[in-house]
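Me: I'm new to this structure and would like to get to know it step by step. Could you show it to me and take some questions?

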Amino acid sequence: MAEIDVLVIGAGVLGLCCAVELERRGYGVQVVDPGGRNASWVAAGMIAPALESAIEDVTPARAALLRRARDLWPDLAEAKGIELHRRPAEWRGEGADVIAERLTALGFSVRHEPGRVVTDDDWQVDCPAALDALRNALSRPVMAAKVEALAADNGGWTTTISDGGLLTARAVIVATGAAEAIPGLPARVAALVSAVQPVRGQIGWTAAALADHVVRGPGGYLAPQGSGTLIGATMDARRRDQAPDAASSDALMSAAARLASLDPAAPIDWRVGVRGATSDGLPLAGPSGEPGLHLALAPRRNGWLLGPLVGQVVADGIEGRSGEPALDPLRF
């Protein structure tokens, strides 16, 4: 194999955005991932600084960070052939007045009428298609393997992968979502990874065209994806189980019925993903404190929104530049 400058462990949206950004800067990059549907696939692909800021009631500084992350998307989408849907996004039902007030206070666009708020500041991508586009943009195909162990090696890092092979790189990016710490990580980095909380999310897909833009409301949302509609999504902290459960399905169906006319007999493809979250809801992005070891983890439910920003921050850290303090893995 040609020399690897940077090894990225994990092919979710954060790992792939890091890899794409580093290749753009001229680095030789290899991504390793065990395969299967990850949490970035089981998602609605919302690039949504406005409604995320309003729902979470964030500070102006946090809203500005999310807006800045969104504004990196057009260049990435155009360069890598990702369709960026700039459709309106809506909050419908109880709480609309509060959402409208928060959006206005934070400087987002607002169209408000009783029981309904619309903003043009939130966008969306189709997650499966966008993941494929990011993968296909890489010079080297994603290697289908699991990293079993890491070890410092002569100023770089050597990884043992699931087939017994070894990969050596000058820098490593750990982008493993909510997975447990990889054996061989230095103790303080392993502690950072282990502190990431798993958040189980269940989502459903139906072939019915229930919405032509993102519609949110109390307890759930509808989002177009492919030829159908996503019904989402639960957020259950500290759960790692990945089998759909009836209680979550019933709750989401009830929320969806408040947003659109839904045939209760329509087949739903229920899916589960496990995301990572930190105590302040922002990812760990940048140098870990150990030479050549960087993190791109735990975006909670905003992985798609934050992907390009995390990619730039991590690449800057590899080049020795200062990062984004709000995302600094050592901020805790």
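Me: What volume does the largest cavity have?
Reply: Happy to start there, and keep in mind that this is a predicted model. The count comes to one cavity of 30 Å³ or more. The largest cavity has a volume of about 60 Å³.

Me: Which strands each supply at least two residues of the lining of that largest cavity?
Reply: Let's look at who lines it: among the residues are Met 46, His 85, Asp 122, Trp 123, Gln 124, Val 214 and Arg 216. Trp 123 and Gln 124 belong to the lining, and strand S7 covers 123-124. Val 214 and Arg 216 are lining residues too, and they fall in the strand that spans 214-217. The strands you asked for are S7 and S13.

Me: How many residues of each class are in the lining of the largest cavity?
Reply: The lining includes Ala 48, Pro 88 and Ala 89, along with Arg 87. Ala and Pro count as nonpolar, and Arg counts as charged. Sorted in this way, the lining has six nonpolar, two polar and three charged residues.

Me: How many of the residues lining the second largest pocket are charged?
Reply: Look for Asp, Glu, Lys and Arg, which count as charged. Beside six nonpolar residues and one polar residue, the number of charged ones is four.

Me: At what angle do the axes of helix H2 and helix H5 cross?
Reply: Helix H2 takes in residues 49-56 and helix H5 residues 96-106. In H2, Ala 50, Leu 51, Ser 53, Ala 54 and Ile 55 meet Ile 99, Arg 102, Leu 103 and Leu 106 in H5. These contact residues divide into seven nonpolar, one polar and one charged. The crossing is right-handed, and the axes come within 9 Å and cross at roughly 115°.

Me: Which residue in the turn between S18 and S19 has a positive phi?
Reply: Strands S18 (284-287) and S19 (293-297) run antiparallel and are joined by four bridges. Leu 284 stands opposite Leu 297 in S19. The two strands form a hairpin with five residues between them, and the one with a positive phi, about 100°, is Gly 289.

How values were computed
Residues numbered from 1 in each chain as written. Predicted model: local features only at pLDDT ≥ 70, side-chain atom pairs only at ≥ 80, totals over all residues. Heavy atoms only, no water. Axes fitted to C-alpha atoms, helices over the stretch in contact; angles between N-to-C directions. Left-handed = near helix turned anticlockwise from the far one by under 90°. Contact = heavy atoms within 4.5 Å. Pairing = 2+ DSSP bridges. 1 Å grid on protein atoms, 1.4 Å probe; cavity = no way out; pocket = protein on both sides within 12 Å on 5 of 7 lines; lining within 4 Å. Points joined across faces, edges and corners; volume = space filled by probe spheres on them.
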